[in-house]
Amino acid sequence: MDYVTTGASIQIQRSDGRIHSAVISSLNADTRSVTVEWFENGETKGKEIEIEQILALNPELLASAKAKLARKIPAPIRNLKNENEAPSMIPSPRKVNKQEDKVPEQENQAANNKPSGIPFKPPLSRGNSNSNIPSSRRRSNCVKEVEKLKKNRDERRARNAEIIHNRLEDGETPSGPNFDFLQMIREYRDSLDFDEITMSDPVMDHQICVCVRKRPRNKKEKNKKEIDVITIPDKYTTLVHEPKLKVDLTKYLENQKFRFDYSFNENATNEMVYRYTAQPLVATIFEGGMATCFAYGQTGSGKTHTMGGDFSGKEQDCTKGIYAYTARDVFILNSQAKYHNLGLKICASFFEIYGGKVFDLLRNRKKLQILEDGKQQVQVVGLSEKEVKGVDDVLDLIKIGSGIRTSGTTSANSHSSRSHAVFQIIIRKGKANKLHGKFSLIDLAGNERGADTSSANRQTRMEGAEINKSLLALKECIRALGRKGGYTPFRASKLTQVLRDSFIGENSKTCMIATISPGMSSCEHTLNTLRYADRVKELPSNGPMPQAAPLPNILERSESKKSESDTPSDSKSSDLALLCSHNDDIGNDDNGWLLTFHETVTQLQDAEEQLIEAHRAYVQKQKSITDIEERMLHEVDTNVEYDIEEYSKNLDTVLSEQMKSIDELREKLQRLQSVIQEEERVSRNLKKSTAPS
C-alpha cells in the first residue's frame, strides 16, 4: 500500500480489456486495494482494483517511491535539531503548533522502522504543507482534481435526488401503473425539436383565429399521480399521446397531431394568450366591425381562468383576464386622437344563457326575451347596458356578474359552469346612440358529453343537450363566416341567435381559445375539444402553414334573402337537421334519434315558455276580474235597489271568462306534460342507441 497515494494518476485495465488513466480516490488497507475514478461520456465512474494489478500495470510506481524516499529523508532529520526553525523553502510561513512539530519525528521514526528495500510513504498533505515544494505541488494538483470530482459527484447526486423527489410527487414512480406510458412519452419528446411561442413573435392577421391553450396539472391530478399526455413542441402544433392497449395487453401510444394558428403550453400567461387572440380584434370595433372571442373546452380546463383572471383559492383576480385586458385597450384606443373626436360612448352588458333561456347578470338574473324585429335583426328585450368610464367600472361589472353566474356539479368538475357567460363591450356613436361596434367575450359552458349527461335527471340532461346543441351551432356559424357566402344556421340555438350580427356582418372577426387539460384521465375530453377546434378551421397537419390574410366577408344580402323566405320555426327545424347531419361524433344510424331528441327538447322548451307566459297572463287577468267582482259586491252591499238580474248576468259573464282562461291554461299544461313524457321516451331510446355494444 506504500507504493500508491490518494490523488495519484495511474493506468487501469477495464473488464473489456481497455487500458486508460484514472485517479485514486481512496485506499483500502484491509483488502489491499484502491478505489479509482475517471470521466466517461460526461459522467464520473469508479471501481475497486487490487494493489497487485496496479503494480503490474504501473511498474514505475516502485522506482518513483524509492526516489522520493532518497530526497525526503534528510529534510525531517535536519529539522530535529532545532524545532523552532522553519525551513526557508516554505512559501507561506505560519504558526507551528505542537501537533505539527511531532510530524517530522513521526516521519523519521517511521523511516527508521521500515525494513530495507521497502520505500518510504510520505504523509498525506492537507492544506499548506511543510514538505518539499515540487512534491507538494504535484500532490496539490491531484487533491484539487479529487475535490473537483467529489464536488461534481455530490452535485449530481443532489440533482438526481431532487428529480426523484419531484417524480415521486408527480406520480412518476417506477412502480406506478402508467410508468411505461411515461417512458414512451419521454422517448418521443426527446426526438422532437422545441420552438415555443414567445412574446416577441409576430402577431398575424386572421379573420378566424383558432388557438389551443394547455393548462398545468392541478393539485387533484398530482395527488392521483396522473401523467402529462400533452406536448406542445412549437407555436402551431399540439400532440396528444393517447395510451392504448393491444389485444395481448401490450401498451403503446397513439400520437395524434393537431395544428392551429397558435398553441400555448402550460407556461403561457393570460397576457400572452390575449396578445395573439383578442388584442388584434380590438381595433375592429372602432372601425365599425363586430368581434367575438370564445373560450371553449372541458370543465376545469381553464376557460374561466383565461377569460376572467387568475384564481387564488376561491378568489379571482379580475385584473388579469381577457375581459380586463380588452377593456384596457378599448379605453387606450378611445383616447387616441383618431377616435376621440368621434364622440364615442362605451357601454357594457353581461348576461348568461342557461338551458335555452337568457338572464341579465347585471339585474339579478332577470329573465330576458329574444325577438326578431321587422328587419330580421335579433333583439334582446330588456338587456341592460351600463356606461363605463374606465377599466375599474368594467371590473366592477365583471365581479357582479361572475358572482351570480349559474354553476352546477358534473363528473369533470365539482363546481362547473353550466351556462354561457357573454360579456359585451358596446361602442355607440352620436346622440342617437347608434351602434358603432361590439366586442363579445364568451366564456362557454363545459362541453360535457357521454357519462356526464346520460345518467342525470331531466334538468341536467336538458342542460347538457342545450349546451351541446349550442356548441354545434356555434361551430357551423364560425365555419360559415369563413366561407364566401353560404347559409348560417344561427337560429339553431339561443347563443348563435344572440350573436347573429357577429357572424353575418360585413366586418366581422372571431377567435376561439380551446382550453385543454393535460391529465391522462382527461384524454378523451381533450381529443373531443381538439377535434372540435380543428373542424372550426381545418389547417393541414403537415407542411407549411397557410399565409395569414383576411378572408373575404360573406354577403349579408344572400343571407337576408334566405331569412325572408323562411319562417323562424321552419328555419329552426332545418338548422337542427343541419347540425345533426354535420355531427361527426355520432354515427349515421343514430342521427335520426339525435335529431328527434333535439327537436323534442326544443318543443319542451317552447311548451314551457308558452305555459309560463299563459300563466302570467292568467294571473294578470285574474287581478282585473277580481277588481270587477269587488265592484259588483260593493254595489250589492251599498245599493238596496240593485238589479238582481243584471248582477246575475255580470257574474255569469265573469265566471265564463274565468273558465275560458282556465281551459286555455290547462290545455298548455297538458301539452307540456305530454312533451315531458315524450322527452323521457326519446331520451331512453337515444341512450340505448349510443350505448357501446
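Axes here are lines fitted to C-alpha atoms, for helices over the stretch in contact, and angles run from 0 to 180 degrees between N-to-C directions. The model on screen is predicted.

**Stop 1: helices 9 and 11**

Select residues 279-286, helix 9, together with residues 322-334, helix 11; their axes come within 10 Å and cross at roughly 45°. Helix 9 and helix 11 are therefore oblique to each other. The crossing of the two is right-handed. To see the contact, show side chains: on helix 9, Gln279, Val282, Ala283, Ile285 and Phe286 take part, and they meet Thr326, Arg328, Asp329, Val330, Leu333 and Asn334 of helix 11.

**Stop 2: helices 15 and 18**

Next, select helix 15 (residues 458-482) and helix 18 (residues 523-536), which pack with their axes 9 Å apart at an angle of about 30°. Angles under 35 degrees count as roughly parallel, so helix 15 is roughly parallel to helix 18. Helix 15 contributes Leu471, Leu474, Lys475, Ile478 and Arg479 to the contact, and helix 18 contributes Tyr532, Arg535 and Val536.

**Stop 3: helix 6**

Move to residues 179-190, the twelve residues of helix 6. At 1.5 Å a residue they should span 16 Å, and the end C-alpha atoms are 16 Å apart, which agrees. Colour Phe179, Phe181, Leu182 and Ile185, the buried residues of helix 6. Viewed down the helix axis, these buried residues fall within an arc of 155°, so they line one face of helix 6. Then turn to the face directed away from the buried side, where the exposed residues Glu187 and Asp190 are found.

Definitions and conventions:
Residues numbered from 1 in each chain as written. Predicted model: local features only at pLDDT ≥ 70, side-chain atom pairs only at ≥ 80, totals over all residues. Heavy atoms only, no water. Helix = DSSP H or I, 4+ residues; strand = E, 2+ residues; numbered from the N terminus. Expected span 1.5 Å × (residues − 1). Buried < 20%, exposed > 50% of the residue type's maximum accessible area, 1.4 Å probe, protein only. Arc of directions from axis to C-beta. Parallel < 35°, antiparallel > 145°, perpendicular 65-115°, else oblique. Left-handed = near helix turned anticlockwise from the far one by under 90°. Contact = heavy atoms within 4.5 Å.
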